[in-house]
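Here are my notes on this model, as numbered points. Please read them with the structure open.

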Amino acid sequence: MLKASMLVGALGAPALLRAQPRGQITLRMWTLLSGGDGARMRALVEAFNASQGGVRVVSTTLKWGEPFYTKLITSAVVGEGPDVATVHLSRLPNLAGGGVLRPIVPAELAAAGLEGGDYFPRQWEKSRYAGAHYAIPLDLHPLVLYYNKSLAHQAGLLDEAGRLKPIVGYQALTDAFRAVKERSGKAGLAMESGQGSYAIWRLWVSLLAQRKAPLIANGHFAYGRAGVEELAKVSAWFTRGYGPVGLDYPASTSQFMGGGAGFMINGVWEVPELVRTTEAGTLGFEYGIVPFPRLYQDASVWTDSHAFAIPANEGRPMPPEKVRAVLAFMAWVSRHSLGWAEGGHVPAYRPVAESPEARALMPNAMYAQAAQNVVYDPDGWYMGAAGPVEAMASKFMPGALSGQLTPAEAMDMFEQEALRLLRKKPPRY
């Protein structure tokens, strides 16, 4: 926990951030956060800057995904990267292992009041690589199941309190999609399914985890028949007409938010838009959210986490006073992450996540239990958000959803291309 002696002022600005004799420290931050996430991060940066006079963070937003990571990698290895960056924890093996990030030593963490016990263990451990600490986790953002209460009611899927009846098992979820389609004439499911879609990978990883089928073992794909079977089961939702085929991300969210689908499988990051349109009176229906259902042995569900990290910037070591300023900023954001939770995310900082205010936050409370069952992509330099394997999955797996490929064909094509990555040595940039 942050020591009280480090805090000053109503906003709790660390004492080390008081105006410095040598002038204000400016920190350059690169972020891939856009939309609602971007707006909330800008608000946090502005509030931090206003809370003290010693440090000013200047944030630049870059294009999400591989463009961001490519620029971060190439800039950091030539000493031209930012002072701090937002990254996904799923990319840490690639970034830390490749020499892109600077390790944060225990003494630096302690000086900033950053203690592992203040963060959820799973996220704190994911912030480490090869025995060293490389990031400060900000959140976790799992897949969840959104539902339109009006359409679910027509399909007989709500209880007397107007909540979704428990859905357990693949067949029960399939029946729910079919019931909405047959009784309302609207789509049962809205999910990104077009070429380049990452949604199928996230869902597929969830289902393998629920079946306890390992994805990768000893440098090989280890899921066996389960991989084809789960892709086939998801594909059936689309080939049977329960969900529209080929939707890109904006079209899939518009399908649900326009009242055209009973359910949506998506990440918690769509919560802000549902809240906004509900408050504005433009949504047109009442919605609910539940953790992704248990279809097999448990309710495991894919997640990822945003985190702050320090680029290595080869040849341009960060001065100690700037390191202290960077970590103080990270600590400040952790302590003030309730506003970040309003973006749908589950804060990784336990004093905030377990506070009465966070526990009462709606609609987050509807799916809070999902945080207990999260799984990440397997560790590997080729894994993670917009990483090479995920990109290959987005290239081939959607073909099975549209019926252009059989599930076996899609998996075979994916494996042939992705196996080359598994056999390569991890890059050192």
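1. Start with one residue pair. His 306 of strand S17 is the bridge partner of His 88. Keep in mind that the model is predicted.

2. S5 (residues 84-88) and S17 (residues 306-309) run antiparallel and are joined by four bridges. In general, strands of a sheet pair through backbone hydrogen bonds, parallel or antiparallel.

3. Now the whole sheet. Five strands form an open sheet in the order S4-S3-S5-S17-S8, and the pairing is mixed. S4 (55-61) and S8 (135-137) are the edge strands. Each has a single partner strand, so one side of each lacks a neighbour in the sheet. On average, neighbouring strands are turned by 30° against each other, direction ignored.

4. Two helices meet this sheet. Helix H1 (residues 35-51) lies across S3 (25-31), S4 and S17, and runs at about 165° to S4. Helix H2 (residues 66-76) packs on the sheet and touches S3 and S5. The direction of H2 makes about 135° with that of S5.

5. The largest nonpolar core has 65 residues. Trp 201, Trp 204, Trp 237, Ile 265 and Phe 414 touch the most other members. Helix H8 (residues 199-210) gives the most to this core, with eight residues.

6. What does Ile 265 touch, leaving aside residues up to four places away in sequence? Its contacts include Leu 143, Val 144, Leu 145, Phe 177, Trp 237 and Phe 292.

7. There is also a second, separate core, of 55 residues. Among its members are Leu 33, Val 100, Ile 104 and Phe 329.

Key. Residues are numbered from 1 along each chain as its sequence is written. This is a predicted model: local features need pLDDT of at least 70, side-chain atom pairs count only at pLDDT 80 or more; totals for chains, interfaces and linings use all residues. Side-chain values use heavy atoms; hydrogens and water are left out. A nonpolar core is a set of buried Ala, Val, Leu, Ile, Met, Phe, Trp, Tyr and Cys residues joined through side-chain atoms within 4.5 Å. Buried means under 20% relative accessible area, exposed over 50%, partly exposed in between (1.4 Å probe, protein chains only). Contact means heavy atoms within 4.5 Å. Two strands pair if DSSP finds at least two bridges between them. Axes are lines fitted to C-alpha atoms, for helices over the stretch in contact, and angles run from 0 to 180 degrees between N-to-C directions.
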